[in-house]
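Please examine the sequence and the structure shown below.

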Amino acid sequence: MKNNMKRNVFKIIGTGVLLSTTPLPAQSSVIENISKNPKAPFSYAELSVKEGGKWEGDKYVGGNFKNVQELTLPESHTDHSTYIRYEGIGLENNRIGYRLYLDWRNATDIFGKKVNTLVLPEVGKDGFESYHHDAPWGQDILKSGRTIGIGSYGRYDEQNDYVETFKTVKNTTARVGNEKELSYATINYKGWKTWGDAIDLDSRLTIFNRDRFVKVDLNLSNSISGLCTGIVAFKNIPVKQAISKNKKWAYLATYGNQTETKKDDSLGMAVFYPIDTFDKYVKTKSTHTIVFKKTKEVSYYFLAAWSMEPNGLATEESFYRDLDQKLEALDNNNQL
């Protein structure tokens with residue numbers, strides 16, 4: 001996600017900073033096992049930060065990347081600090097990759113893949129901007145701008161018609177894990193302040209060794225109104241909404257030439273959400289926004305499908321057929 005806007009420094013209140021450089025348990029064996037069985041389904045999550053360098057203002061200079069299990073963001077960290085490889089947490093399976101920016105933006109971006117093999121361990125090592133450009137494996141395909149990207153979360157400010165992200169947080173701690181059939185990232189935001197009292201928010205993003213979707217679970221220390229998710233809105237790309245037969249689940253989706261590849265490709269994006277938590281749909285200047293009722297917890301799914309994915313959903317018809325099948329599954333089983 002290229003972002004030329006003036007940076008807002010991610011404010012961290014307090015002095016405690018934790019960096020766990022303990023290698024992710026069995027991390028090397030996870031990568032090795034996936035690489036040895038390239039045709040087998042896999043899931044993968046990683047978090048990689050620099051060590052051996054130093055902070056110069058809000059930039060981390062020098063050092064080499066190392067995968068870690070857990071990280072509490074240093075006070076100096078903000079967007080484009082070059083401290084975290086590809087700026088956040090990575091989630092990947094055979095079909096697609098995602099990354100959530102671990103800074104005040106808190107947007108989820110998409111890595112479109114042209115291969116079915118593992119790519120994240122090498123992404124971003126050869127240059128901070130390299131993944132914005134076409135490569136044999138694929139590239140960053142979503143321009144999120146000032147939005148939460150696809151399926152991330154924030155708080156809708158009705159007065160200003162804007163989705164507030166994580167500009168003021170006491171501290172943020174992230175952790176990643178890999179299991180047999182799924183991989184996940186958990187993020188704890190302490191003292192997230194939008195307006196009024198600060199709250200704590202725990203999130204979990206889970207990707208599976210199948211399909212393209214990510215499950216998001218959000219838990220808050222207190223109930224708030226305005227908790228939201230959504231999809232970045234592009235000009236001339238229509239939005240579609242559908243409700244399941246038994247009115248248990250719904251989706252919001254877009255499809256079209258909405259990538260930053262400068263090619264004649266197509267991208268489909270969708271968020272599935274439970275009707276009983278839904279308050280309203282709002283189209284802000286830049287985001288198709290799903291606003292939840294006042295709540296302390298909510299779960300939902302998001303997914304993306306790129307037309308250049310091998311043997312993927314290459315047409316609008318196939319994309320929406322896939323969404324409708326998933327909507328029916330959610331209606332029947334309450335999960336994907």
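## Cavities, cores and a helix

The count comes to two cavities of 30 Å³ or more. A cavity is a set of points, on a 1 Å grid over the protein atoms alone, where a 1.4 Å probe fits but cannot get out; lining residues have an atom within 4 Å of a point. Grid points are joined across faces, edges and corners, and a volume is the space filled by probe spheres set on the points. This is a predicted model, in which local features need pLDDT of at least 70, side-chain atom pairs count only at pLDDT 80 or more, and totals for chains, interfaces and linings use all residues. Residues are numbered from 1 along each chain as its sequence is written, and side-chain values use heavy atoms, with hydrogens and water left out.

The second largest cavity holds about 40 Å³ of space. Its lining includes Tyr-98, Arg-99, Leu-100 and Thr-108. By class, this lining has seven nonpolar, one polar and one charged residues; here Ala, Val, Leu, Ile, Met, Phe, Trp, Tyr, Cys and Pro count as nonpolar, Asp, Glu, Lys and Arg as charged, and the others, Gly among them, as polar. The strands below each supply at least two residues of the lining; strands are DSSP runs of E with at least two residues, and helices are runs of H or I with at least four, numbered from the N terminus.

| Strand | Residues |
|---|---|
| β9 | 88–93 |
| β10 | 96–101 |
| β17 | 182–192 |

Of the strands, β10 gives the most to this lining, with three residues.

Thr-108 lies in strand β11 (residues 108–113). Thr-108 is buried (under 20% relative accessible area, with exposed over 50% and partly exposed in between, for a 1.4 Å probe and protein chains only), with a value of 1%. Just after α2, Asn-334 takes a positive phi of about 65°.

In the largest nonpolar core, of 74 residues, Ile-110, Tyr-153, Phe-272 and Phe-319 touch the most other members. β26 gives the most to this core, with eight residues. A nonpolar core is a set of buried Ala, Val, Leu, Ile, Met, Phe, Trp, Tyr and Cys residues joined through side-chain atoms within 4.5 Å.

How values were computed: On a 1 Å grid over the protein atoms alone, a cavity is a set of points where a 1.4 Å probe fits but cannot get out, and a pocket is an open set with protein on both sides within 12 Å along at least five of seven lines; lining residues have an atom within 4 Å of a point.
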